[in-house]
Amino acid sequence: MTAWPDPPTFEVVTGVSTGALIAPFVFAGRSFDPALTQAYTGGHADGLLKSRGLLALFLPGVFDPAPLRDLVLDNVDETLLRAVAAEHAKGRRLYVATTSLDTQTQIVWDMGALASRDDVASRVLFVNVLIASASIPGAFPPVPLTYDHDGRQVSEIHVDGGTVANFLVAPEPLLLADNLGARGEGRIWVLVNGKPEPKFQVATLSPARIAARSFDTMMKAITRSDLANTAQFARVNGMTMNVAMIGPETEEDSLDFGRENMNRLFQAGRAAMQAGQAWRTVMDAQGRAAPLLPPRAESSSSDTVAAAGERTPAPSQDQ
């Protein structure tokens, strides 16, 4: 995002999981590009996956929540909150999604409205929503969120928004709408932090690796499904849809937050943006679709074997 030479002014910015940590900076404006760059390349996430040791047997979450909390607190300051509130006052909107374990639903938070309030409770809730949206279930403990609803105080347990959907374009009921009045005018930009296409890898019969591989498989499938649903939403409403994700030539590990790996991925994204290759239009305003996933540079022997073993062709994802 920081290398985008002339980005549009987004009317609505949303964030889920790590995207929730990016979204406030993007929403606040280009003056926060250095802060966003520093947050992701400055080594602040180095110790993010700090094991709880034996405490993990008795407490929810394998990893200590303190590094994630400190990462958010170190980067969300009063200057950023004021900038978010100022953009909210102009009519733009910033939304972050979490997952409520109490209701088993996605909850969408109006972060601009929270930033516009001066009370301590709203400031705390703003920070805790960001922490909750990035708290992977099982890896990090859930986050209690307390807020006022219809004149009474409600407290619920929330986790990563990606548990329900890996990005937020519209609430579920609106995704079924086909007459939003934006035909030919609406543009959707989806930034995917990862590579949602399946990747062949010999599975190891170890409990930890099976769990990690299963989680990765599930998240890739959810992302592909979300992309397909959003493409159909764009098609029926005459909107364009553009997608950016890690390219097939770049290796990635979704659980490696080390400074070297974060810098490598950051530079790969910057290079793609500067070369004009980061964004791909997967749906145009006339409803013409392109593949949701970027083409692979080349097929490995394992890819060929997997394709040859399919008995029934799977439907394309853009149908």
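Me: Which residues does Thr240 touch, not counting residues up to four places away in sequence?

Reply: Contact means heavy atoms within 4.5 Å. Not counting residues up to four places away in sequence, Thr240 touches Gly186, Arg187, Ile188, Met283, Asp284 and Ala285. This is a predicted model, in which local features need pLDDT of at least 70 and side-chain atom pairs count only at pLDDT 80 or more, while totals for chains, interfaces and linings use all residues. Residues are numbered from 1 along each chain as its sequence is written, and side-chain values use heavy atoms, with hydrogens and water left out.

Me: Is Thr240 buried or exposed, and where is Thr240 found?

Reply: Buried means under 20% relative accessible area, exposed over 50%, and partly exposed in between, with a 1.4 Å probe and protein chains only. Thr240 has a relative accessible area of 18%, so Thr240 is buried. Thr240 is found in strand 7 (residues 240-244). Helices (H or I, at least four residues) and strands (E, at least two) are DSSP runs, numbered from the N terminus. The protein has ten helices and eight strands, and buried residues make up 42% of its 319 residues.

Me: Which residues touch the most other members of the largest nonpolar core?

Reply: In soluble globular proteins, nonpolar side chains tend to be buried together. A nonpolar core is a set of buried Ala, Val, Leu, Ile, Met, Phe, Trp, Tyr and Cys residues joined through side-chain atoms within 4.5 Å. Here the largest such core has 47 residues, and Val76, Met111, Phe126 and Leu130 touch the most other members. Elements that each supply at least two residues of this core include helix 1 (18-28), helix 3 (66-75), strand 2 (93-100) and helix 6 (120-133). Another core, of 17 residues, lies apart from it, with Phe233, Met241, Val282 and Leu293 among them.

Me: What is in contact with Leu94, leaving aside its neighbours within four places in sequence?

Reply: Leu94 is in contact with Val13, Ala23, Pro24, Phe27, Val84, Trp109, Asp110, Met111 and Gly112, leaving aside those neighbours. Leu94 has its place in strand 2 and is buried, with a relative accessible area of 0%. C-alpha to C-alpha, Leu94 and Phe10 are 9.7 Å apart in space, and they are 84 residues apart in sequence.

Me: How many residues of helix 1 are buried?

Reply: Nine of the eleven are buried, so helix 1 is largely enclosed by the rest of the structure. Among them are Leu21, Ile22, Phe25 and Phe27. Their cover includes strand 1 (12-16), helix 2, helix 3, helix 4, strand 2 and helix 6. After helix 1 comes Gly29, whose phi is positive, near 120°.

Me: At what angle do helix 3 and helix 6 pack?

Reply: Two packed helices are described by the angle between their axes and the distance between the axes. Axes are lines fitted to C-alpha atoms, for helices over the stretch in contact, and angles run from 0 to 180 degrees between N-to-C directions. For helix 3 and helix 6 the angle is about 130°, with the axes 10 Å apart. That makes helix 3 oblique to helix 6; angles under 35 degrees count as roughly parallel, over 145 as roughly antiparallel, 65 to 115 as roughly perpendicular and the rest as oblique. Leu68, Arg69, Val72 and Leu73 of helix 3 make the contact with Val127, Leu130 and Ile131 of helix 6.
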